[in-house]
Amino acid sequence: MTPLVELRNVSKIFERGFIRKVRVHAVRNVNLTIDKGEILAVVGESGCGKTTLGKLIAGLIKPTKGEVLWLGKNIWRMKRGEFKKYRPLVQLIHQDPYASLNPARTVLQILGDPIRYYGLAKSKREVREKVIELLRYVGLTPPEYFLNKYPHHLSGGMKQRLAVARALIPKPMLIVADEPISMIDMSLRLSLLDLLKRLHKELGIAFVYISHELASTRYFAHDGKTAIMYLGTIVEYGPTEQLIKNPVHPYLRAILSAMPVPDPEIARRRKVLELKSLELPSPIKLPPGCPFETRCPFSRSICKEKMPELRPIEEDHYVACHIAEELPEWRPPWEE
């Protein structure tokens, strides 16, 4: 079956500076596939390139190297008519709902204009009915109350639900959700994730869920796959539960060992995986070998010399580590 989206050796380099050009390696040699109706979570710390990867998948920026395929076709070699059909099928939910909505337009205008543009309604009455239907579907009730409200009248959670409603208008096959809950109150995050899961279940929409922490990732992508990013590369990839229960790469192990544990007894006696350094290498001057070598407590000489390739360690589970088979057995700190 042809994947919905496929990335082949995709890299993105940004150039900065006027007098002296500086090359920033945001994404490096990424290979990924996303099937129809699949959930893929991309997890990594700030600056690892996950947002850039999301924009590459959404076709918002062009890769420096490699191919981005939509149903087997390179999106940057599509004819104008093909690209026009493809463009609405991939939607983006931005991290900051305060910046992604036009503050000078009402909710009715924010949703009504794209409804008219895509020919889903003609008369004002039909547009109003469609907007009310959308608002009710994303949980903004009573919908009539919100029609003439401006974004500044809404809370962060309401704004993000409005952004979700807008993304649904062209009936997308894929939604790239870039840290959709990070700007929302803690008490509302679960309800928004439940909304996105309902869209996935009822409408069959595929999701790329971008996050910097594993708790929400495990909840949202429990039955999907997760890619762990570090300095622009995928260091581990596979089914979400498999990665969390049997992490292989030292970077993922370090993240899991540092996660909060609800049991105070376990929290006191557990051992956090100590890294060689807390400093990230510069994306301008990357190390020649493994990007995690400068911080990895298990590194060998080969790690300094050669960049590891993403390879299978078990069924559907891939890791980019030279010494994966030599690492000690993983013991979760919450089970010690």
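Predicted model: local features only at pLDDT ≥ 70, side-chain atom pairs only at ≥ 80, totals over all residues.
Visitor: Let's start with the helices. What makes α4 and α5 roughly perpendicular to each other?

Guide: Their axes cross at roughly 115 degrees and come within 9 Å. Angles from 65 to 115 degrees count as roughly perpendicular, and α4 and α5 are therefore described that way. As for the hand of the crossing, α4 passes α5 in a right-handed one.

Visitor: And how do you know that α4 is roughly parallel to α7?

Guide: Here the axes of α4 and helix α7, residues 156–168, cross at roughly 15 degrees, again coming within 9 Å. Angles under 35 degrees count as roughly parallel, and that makes α4 roughly parallel to α7. The crossing of α4 and α7 is right-handed.

Visitor: What lies in the loop between α4 and α5?

Guide: L120 is found there, between α4 (107–117) and α5 (124–137). Together with Y117 and Y118, L120 makes a nonpolar surface patch of about 320 Å².

Visitor: Why is L120 called partly exposed?

Guide: Its relative accessibility is 31%. Buried means under 20% and exposed means over 50%, with partly exposed in between, so L120 counts as partly exposed.

Visitor: On to the charged residues. How many salt bridges does a search of the whole structure find?

Guide: The search finds 17. The general idea is that side chains of opposite charge can pair when their charged atoms come close.

Visitor: What makes K225 and E38 a salt bridge?

Guide: The closest N and O atoms of K225 and E38 are 3.9 Å apart, and the cut-off is within 4 Å. This pair links distant parts of the chain, 187 residues apart: K225 is in strand β9 (residues 225–230), and E38 is in the loop between β2 (22–34) and β3 (39–43).

Visitor: Which of the two is buried, and which is partly exposed?

Guide: E38 has a relative accessibility of 14%, and under 20% means buried, so E38 counts as buried. K225 has a relative accessible area of 23%, so K225 is partly exposed.

Visitor: What about D113 and R105: how far apart are their closest N and O atoms?

Guide: They are 2.3 Å apart, and D113 and R105 form a salt bridge. D113 counts as partly exposed at 33% relative accessibility, and R105 is partly exposed with a relative accessible area of 29%.

Visitor: One last stop. Why is helix α1 called largely enclosed?

Guide: Seven of the nine residues of α1 (residues 50–58) are buried, so this helix is largely enclosed by the rest of the structure. The buried residues are K50, T52, L53, G54, L56, I57 and A58. After α1 comes G59, whose phi is positive, near 75 degrees.

Conventions. Residues numbered from 1 in each chain as written. Heavy atoms only, no water. Patch = residues over 30% accessible without salt bridge, like charges linked within 9 Å, V, L, I, M, F, W, Y side chains within 5 Å. Areas by Shrake-Rupley, 256 points an atom, 1.4 Å probe, with all protein chains shown as cover. Salt bridge = Lys/Arg side-chain N within 4 Å of Asp/Glu carboxyl O. Helix = DSSP H or I, 4+ residues; strand = E, 2+ residues; numbered from the N terminus. Buried < 20%, exposed > 50% of the residue type's maximum accessible area, 1.4 Å probe, protein only. Axes fitted to C-alpha atoms, helices over the stretch in contact; angles between N-to-C directions. Parallel < 35°, antiparallel > 145°, perpendicular 65-115°, else oblique. Left-handed = near helix turned anticlockwise from the far one by under 90°.
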